[in-house]
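The following report describes a two-chain model with its ligands, for a reader who works with coordinates. Please read it alongside the sequence and the structure shown here.

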Amino acid sequence: MTVPAAGDATAGGAAEAEGGEPIIRMFHVYKRYGAKLALADVSLAVSEREFVFISGPSGAGKTTLLRMLYMGEPATDGQVVIDGINLSRLPRRRAPHLRRKFGIIFQDYKLIATRSVFDNVAIALEARGERRKLIRKKVRSVLRAVGMEEKGRALPPSLSGGEQQRVAVARAIVGDPRIILADEPTGSLDAEAANAVFQLLRGFHRRGITVLVATHDTALIRRTGGRVVLLDGGRLDVSTVIPPLPE
Amino acid sequence: MIMAIPRALRDMWANRFLNLVTVVTVALAILIVGAFTLFFVNAGGLLSMWTRQIRIMAYLGPDLEDARIGELAAEIRSLPGVGEARFIPRALALEHLRAEMAGRASLLENLRENPLPDAFEVHMAEAFLGRERVALLADQIAALNGVDSVEYGRQWLERFARLVDLFRLTGMAMGGLFFLAGAFIVANTIRLMLFSRREEVEIMRLVGATDAFIRLPFYIQGLIHGIAGGALGLLGLYAGFRFIIYRVSEDAGLLPVRFLPMEMMGGILLGSMLIGWTGAYISIKQFGRA
Ligand SMILES: Nc1ncnc2c1ncn2[C@@H]1O[C@H](COP(=O)(O)OP(=O)(O)OP(=O)(O)O)[C@@H](O)[C@H]1O
Ligand SMILES: [Mg+2]
């Protein structure tokens with residue numbers, strides 16, 4: 001069922017296979033939390049327009065790996081290069097501009113409980129200093145795309161898990177990111193809701209966005225197939241390409 | 001960036017009681033400092049009014065010839081700063097004295113000869129008022145040949161000026177103290193606002209907001225605390241001023257009492273804006289490190 005990738009754990013193989021420039025590159029990255037080594041010697045390349053799963057058991061370091069990409073935290077050692085920018089040399093004040101390349105769907109959604117769905121999505125554009133009229137237009141359009149246009153005034157705590165997840169997706173996509181990082185986007189959803197969110201991610205990928213999905217939902221991976229990067233205990237295990245199940 | 005203002009206002013409205021208390025506290029600080037300034041402005045006015053009434057009496061030596069007296073008049077008038085010099089012959093001075101002591105005229109009746117000297121009453125020209133200048137002129141007059149002694153309200157003037165200086169110093173110290181107190185109160189409020197928004201602040205950071213963008217509403221809040229507190233404090237001061245004037249209106253007609261001039265009110269408002277900004281700055285710096 002699984003077909004080992006041609007290359008090693010550096011996982012450059014798929015990138016070269018698709019012929020794109022790597023938009024994400026990690027060289028021997030380590031991340032330490034006190035005594036705990038969350039990432040150990042992780043090297044990885046992801047080319048533009050690729051769709052990649054980061055998989056592995058709970059505590060493997062999936063969330064930590066994503067954090068290294070958007071400067072959620074600095075790496076303890078090693079280099080991360082995003083779209084040609086070496087993050088270890090990027091001054092802190094430039095971090096906001098780096099983050100605008102990403103649309104991030106957090107494992108815990110990170111929605112503001114006291115603000116409406118509309119405001120929660122709009123915040124990503126406000127942060128970029130967009131004009132109010134444009135913000136209104138774009139937020140309406142992404143809320144429609146995720147099927148939440150009726151709930152613009154609702155507060156996140158009044159929504160179901162699947163609805164909150166879709167708001168998080170809307171916020172990630174509203175700023176037209178180059179890269180989407182989705183951390184367990186289907187984690188707490190039933191099969192139907194999970195599928196809906198997943199189809200949205202697929203759609204963004206088809207429109208040319210690079211997508212990284214961290215998940216331990218192997219059923220989901222098997223169903224859709226694609227390149228999989230396996231993490232275990234902070235180490236890159238193998239990089240495999242799983243062909244999609246026949247319909 | 002314009003959107004920072006509604007963001008700031010919405011936050012303030014959500015915590016309106018806290019913000020109201022902050023504004024009132026700043027207003028009280030401004031009120032007290034303003035009251036000091038008001039006193040100082042008017043004390044200065046009184047001082048200069050009294051200085052205007054100051055005259056230097058130059059008492060002449062005995063047995064001066066009329067010609068010398070005429071020369072002296074010319075010499076005194078030619079001194080810079082002299083507005084007017086009037087000769088008061090001793091006979092006239094005695095007459096004045098008699099008139100003043102009308103009830104006890106008997107005291108003077110037995111005088112065999114007039115004990116009073118001839119004198120010049122010297123008034124200052126407008127532009128030459130001021131404590132130091134009066135003193136200087138008095139010395140110059142005293143040095144003239146034929147002048148025995150000079151007299152003016154020196155001690156009294158100096159004591160009053162010292163009092164004004166003391167008030168000025170106290171006012172400045174209080175101003176500094178209240179500035180710090182106000183900034184501290186604002187800082188405390190903004191710290192609470194920041195704390196209540198920390199989740200939002202963190203999320204804004206993650207979606208690519210710059211620090212400046214995140215901080216701006218909090219600076220605006222501090223500035224609003226400053227402006228509103230300053231305006232309220234000045235308004236309170238004005239109300240108190242009117243009330244006092246109303247209560248002592250009979251005397252007020254005589255005294256040149258006035259409210260703070262425009263530019264001083266502007267200065268006080270600017271100062272209170274600075275209080276707000278400093279408060280915001282302090283708490284944002286602390287929050288950034290946390
Ligand atoms: N901020 C932190 N401080 C200390 N330890 C941390 C921190 N973040 C993560 N860790 C540790 O690093 C390891 C990897 O965590 P991470 O969240 O990346 O795992 P994960 O693969 O995302 O797990 P899950 O599937 O449960 O989300 C874990 O052992 C975790 O306890
Ligand atoms: Mg995780």
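In chain B, 85% of the contacts (heavy atoms within 4.5 Å) between residues at least 6 apart in sequence join residues at least 24 apart. In chain A, residues 24 or more positions apart account for 70% of the contacts with a separation of 6 or more. These values come from a predicted model, in which local features need pLDDT of at least 70 and side-chain atom pairs count only at pLDDT 80 or more, while totals for chains, interfaces and linings use all residues. Residues are numbered from 1 along each chain as its sequence is written, chains are lettered from A and ligands numbered from 1 in the order in which they are written, and side-chain values use heavy atoms, with hydrogens and water left out.

The secondary structure is assigned from DSSP runs, with helices being H or I runs of at least four residues and strands being E runs of at least two, numbered from the N terminus. On that basis chain B has eleven helices and four strands, and chain A has eight helices and eleven strands. Burial is expressed through relative accessible area, where buried means under 20%, exposed over 50% and partly exposed in between, with a 1.4 Å probe and protein chains only. Accessible areas come from the Shrake-Rupley method with a 1.4 Å probe, and for residues only the protein chains shown count as cover. The totals for each chain are set out below.

| Chain | Residues | Buried residues | Accessible surface | Carbon and sulfur share of surface |
|---|---|---|---|---|
| Chain A | 247 residues | 53% | about 11500 Å² | 49% |
| Chain B | 290 residues | 37% | about 16700 Å² | 64% |

Within chain B, B:Gln221 belongs to helix α9, which spans residues 211–247. B:Gln221 counts as buried because its relative accessibility is 0%. Apart from neighbours within four places in sequence, B:Gln221 is in contact with B:Ala8, B:Asp11, B:Met12, B:Ile190 and B:Met193.

The ligand sites involve chain A. Which residues coordinate the magnesium ion (ligand 2)? The donors are A:Thr63, through OG1, and A:Gln107, through OE1, at 1.9 to 2.3 Å. Donors here are N, O and S atoms within 2.8 Å of the metal (3.2 Å for Na, K and Ca), and because water is not among the atoms, sites may look incomplete. The pair links distant parts of the chain, with A:Thr63 in helix α2 (residues 62–69) and A:Gln107 in the loop between β7 (102–105) and α4 (117–126), 44 residues apart. A:Thr63 counts as partly exposed because its relative accessibility is 23%, and A:Gln107 likewise counts as partly exposed, at 42%.

A polar side-chain atom of A:Ser58 lies 2.5 Å from an oxygen atom of ligand 1, and for A:Lys62 the corresponding distance from a polar side-chain atom to an oxygen atom of ligand 1 is 2.8 Å. A:Gln107 places an N or O atom of its side chain 2.8 Å from an oxygen atom of ligand 1. Polar contacts of this kind are pairs of N or O atoms within 3.5 Å; within protein, one must be able to donate a hydrogen and the other to accept it, and residues adjacent in sequence count only if both atoms are side-chain atoms. The protein covers 67% of the 630 Å² of accessible area that ligand 1 has on its own.

Elsewhere in chain A, A:Arg25 sits in strand β2 (residues 22–33) and is partly exposed, with a relative accessible area of 30%. Not counting residues up to four places away in sequence, A:Arg25 touches A:Leu44, A:Ala45, A:Gln79, A:Val80 and A:Val81.
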